[in-house]
Amino acid sequence: DLVIEDVSTPPLLISETFRLIPVEWAHGIIEVKSNLNSETLVDAQGKIARAKALKKLTYMPQTGDVIWRCKFYGKDYGYFPMYGLVLAYSSINLPALCAKLWDLQSGIPMEHWVDAVVVLGKGLLMYENEKGPTHRPEPGCSLIAIDSPEAIVPLTLLMQSAFDGLRMPMAKLGPYIGPDA
């Protein structure tokens, strides 16, 4: 539905209806649903998991005195892993969504999980560790439902927190052009 991309890098293709960008340029994906229920949650979770599973392979090795790293999902990364959010206008009750999402994700790698769910006018699903709510899942966390009739405010704070410190290493476009590039 929506891709949060690095606007400082050019897309590979621009048409009237879409833009084609390398996965390295995609920092986040937002699946928008008019009504979020068990069936549409399965669809959104699957799309986010498939997008997050795309390999970011064209980053150039970092060199020099300062090497940037980040730690998410209990792993160390030399790039910003894709963030996945579901945004809905309405939904079934939040505790039911929470239980369904937790079950859906139990067999897949944590880095492919949905990072948060926001239902406007109702609230959100996000992860919690021993220190409190967190913007991404991590080992030992739990998924919680938070009632919030003004969910746009938590959504704004969540997005700010999720993308704070975003940095993109240099990447090569050659692999997208062809084997001799």
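Analyst: Start with one term. Contact means heavy atoms within 4.5 Å. Keep in mind that this model is predicted.

User: Let me try it on a residue. Which residues is Glu 128 in contact with, leaving aside its neighbours within four places in sequence?

Analyst: Glu 128 is in contact with Pro 133, Thr 134, Cys 141, Ser 142 and Ile 144. Glu 128 itself is found in strand 9.

User: Is Glu 128 buried, partly exposed or exposed?

Analyst: Buried means under 20% relative accessible area, and exposed means over 50%. Partly exposed is the range in between. Glu 128 has a relative accessible area of 30%, so it is partly exposed.

User: Now the next residue in the list. Where is Asn 129 found?

Analyst: Asn 129 is in strand 9, which covers residues 123-129. Asn 129 counts as buried because its relative accessibility is 14%, and the cut-off is under 20%.

User: Which residue's side chain makes a polar contact with the side chain of Asn 129?

Analyst: For a polar contact, look for a pair of N or O atoms within 3.5 Å. Here the partner is the side chain of Glu 138, at 2.7 Å. Setting aside neighbours within four places in sequence, Asn 129 is in contact with Thr 134 and Glu 138.

User: Glu 138 again. How far apart are the C-alpha atoms of Ile 67 and Glu 138?

Analyst: They are separated by 23 Å, and the two residues are 71 residues apart along the chain. Ile 67 is found in the loop between helix 1 (38-53) and strand 5. Its relative accessibility is 39%, so Ile 67 counts as partly exposed.

User: On to loops. Where does Pro 81 sit?

Analyst: Pro 81 is in the loop between strand 6 (75-77) and strand 7 (83-91). Pro 81 is buried, because its relative accessible area is 6%.

User: What does Pro 81 touch, not counting residues up to four places away in sequence?

Analyst: Pro 81 touches His 27, Lys 56, Cys 70, Phe 72, Tyr 73 and Arg 136. As for C-alpha distance, Pro 81 and Leu 166 are separated by 9.6 Å, though they are 85 residues apart along the chain.

User: Tyr 73 is on that list. What is its phi?

Analyst: Phi of Tyr 73 is near 55°, a positive value in a residue other than glycine. Tyr 73 lies in the loop between strand 5 (70-72) and strand 6. Tyr 73 is buried, with a relative accessible area of 4%.

User: Step back to the whole chain. How many helices and strands are there?

Analyst: The chain has four helices and eleven strands. Buried residues make up 46% of its 181 residues.

User: Why does the radius of gyration agree with a compact globule?

Analyst: Compare the chain with the globule rule. For 181 residues, a compact globule would have a radius near 16 Å, and the chain has 17 Å, which agrees. Along its principal axes the C-alpha trace spans about 55 × 40 × 30 Å.

User: What share of contacts joins residues 24 or more positions apart?

Analyst: Among contacts with a separation of 6 or more, such pairs account for 69%.

Conventions
Residues are numbered from 1 along each chain as its sequence is written. This is a predicted model: local features need pLDDT of at least 70, side-chain atom pairs count only at pLDDT 80 or more; totals for chains, interfaces and linings use all residues. Side-chain values use heavy atoms; hydrogens and water are left out. Helices (H or I, at least four residues) and strands (E, at least two) are DSSP runs, numbered from the N terminus. Buried means under 20% relative accessible area, exposed over 50%, partly exposed in between (1.4 Å probe, protein chains only). The radius of gyration is taken over C-alpha atoms; the globule rule is 2.2 Å times the number of residues to the power 0.38. A polar contact is a pair of N or O atoms within 3.5 Å; within protein, one must be able to donate a hydrogen and the other to accept it, and residues adjacent in sequence count only if both atoms are side-chain atoms.
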